[in-house]
Amino acid sequence: MRAAHPGIVLGLYRSRHERRLLRGALDLGVQAIDTSFNYLGFRAHETLAKVARDLLPKFSISTKVGFFPGPERAEHSIDPGRLRAAIEQTARTLGQEPDLVFLHNPEQSLTHLSEGSARHRLADACSVLADAREQGLCGAWGVASWDPRPLAAIVGSDLPRPDVLMVRGGLFVGIGVLEAVDCLTERWKPSAMWGMSPFGGSTAESVWNTFDPRLFLCDPEQDCSAVQAAFRCAYHLPVVDAVAVGTDNLDHLRELTDSLGIGVDEVTVRRYRRLLRDRCQED
């Protein structure tokens, strides 16, 4: 078994939640997994407990609440009662309290509200998770946001402060999202930052055959793959402590763990962000 890699979180979105994958992740030193109340057709927690109950104590487990079964498809809600019930159900189903519970994409329920109403509802939802932490239902709480721009417009220092903020990261993230993350980080001051979706969907996208992200490295001639370089860039766009990456392929996960020693040129990253901002202003 390799030394632990605290900077990598195995994301289980679209994953089959297989024991083989979890066992292999541990062998690679990946000791954190991220799932959600709604993953795998709302059976993610049940499946984890069924196929890998003995392995779960070896992981730091994060999960999310915010999506619930609806009459036709999953529906989003930050109703305090529903959030509390989901957190309690999560601990029962897993057979242990999760180490971290995220409020899942709260912007989904806030976009069409007035600023004052949105702020009030977000505060109530965050309070549920903060209370759950204080009552021992989870070790920590956070906010996972796919589009943090609506949150940046309403969050103030008076709202409960999340332990972790998780946002999209990597070369596919636009300047609007990056600057919204900067705003939230300044106002909320979370203890840790996580990135997610570092490849914008898949490493099979044609862009990875036409664009070489190794130009962002301290040594652009370093012997590494474009996938590895793109993954390392995700730790700087925006700056995060860990990146959640989804895969069922252990060879892909091994490739990413092997990339952690690769250095990224922060000057080049700053220039890239300025170019994004300038182009946005021109448009």
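This is a short walk through one protein structure, from its overall build to a few individual residues.

Before anything else, please keep in mind that this is a predicted model, in which local features need pLDDT of at least 70 and side-chain atom pairs count only at pLDDT 80 or more, while totals for chains, interfaces and linings use all residues. Residues are numbered from 1 along each chain as its sequence is written, and side-chain values use heavy atoms, with hydrogens and water left out.

Let me begin with the overall build. The protein has 11 helices and 10 strands, where helices (H or I, at least four residues) and strands (E, at least two) are DSSP runs numbered from the N terminus. Its radius of gyration is 19 Å, close to the 19 Å that the globule rule gives for 283 residues, so the protein is as compact as a globular protein of that length; the radius is taken over C-alpha atoms, and the rule is 2.2 Å times the number of residues to the power 0.38. Along the principal axes, the C-alpha trace spans about 55 × 45 × 35 Å.

Of the 283 residues, 53% are buried, and by buried I mean under 20% relative accessible area, with exposed being over 50% and partly exposed in between, using a 1.4 Å probe and protein chains only. If we take the contacts with a separation of 6 or more, residues 24 or more positions apart account for 76% of them, a contact being heavy atoms within 4.5 Å. As for charge, there are 32 positive and 37 negative side chains, and the centres of the two sets lie 3 Å apart; Lys and Arg count as positive and Asp and Glu as negative, without His or the chain ends, and the place of a charge is taken as NZ of Lys, CZ of Arg, CG of Asp or CD of Glu.

Now to the strands. Strand 2 (32-34) is joined to strand 3 (60-65) by 3 bridges, the two running parallel, and two strands are said to pair if DSSP finds at least two bridges between them. In that pairing, I33 stands opposite I61. Strand 3 is itself mostly covered, with 5 of its 6 residues buried, and it also runs parallel to strand 6, to which 4 bridges join it; here V65 has L103 as its bridge partner. Strand 6 (residues 100-104) in turn runs parallel to strand 7, again with 4 bridges, and H104 stands opposite A144.

How many residues of strand 7 (residues 141-145) are buried? The count is 5 of the 5, so strand 7 is largely enclosed by the rest of the structure. Both of its faces are covered, with W141, V143 and S145 buried on one side and G142 and A144 on the other.

In helix 1 (residues 19-27), the buried residues are L21, L22, G24, A25 and L26, and their cover includes strand 1 (8-11), strand 2, helix 3 (44-52) and helix 10 (250-257). Just after helix 1, G29 takes a positive phi of about 90°. Helix 3 buries A44, H45, T47, L48, A49 and A52, and what covers them includes helix 1, helix 2 (39-42), strand 3 and helix 4 (80-94).

Leaving aside neighbours within four places in sequence, V9 is in contact with several residues, among them A32, I33, D34 and W194.

A74, by contrast, sits in the loop between strand 4 (67-68) and strand 5 (75-76) and is partly exposed at 31% relative accessibility. Beyond its neighbours within four places in sequence, A74 touches F42 and F68.

F42 brings us to backbone geometry: this residue of helix 2 has a positive phi, near 65°, although it is not a glycine, and it is partly exposed at 27% relative accessible area. K189, also not a glycine, has a positive phi of about 50°; K189 is found in the loop between helix 7 (175-188) and strand 9 (192-196) and is partly exposed at 49%.

Where is the cis peptide bond that involves P238? The bond runs from L237 to P238, with omega near -5°, and P238 is found in the loop between helix 9 (226-233) and strand 10 (242-246).
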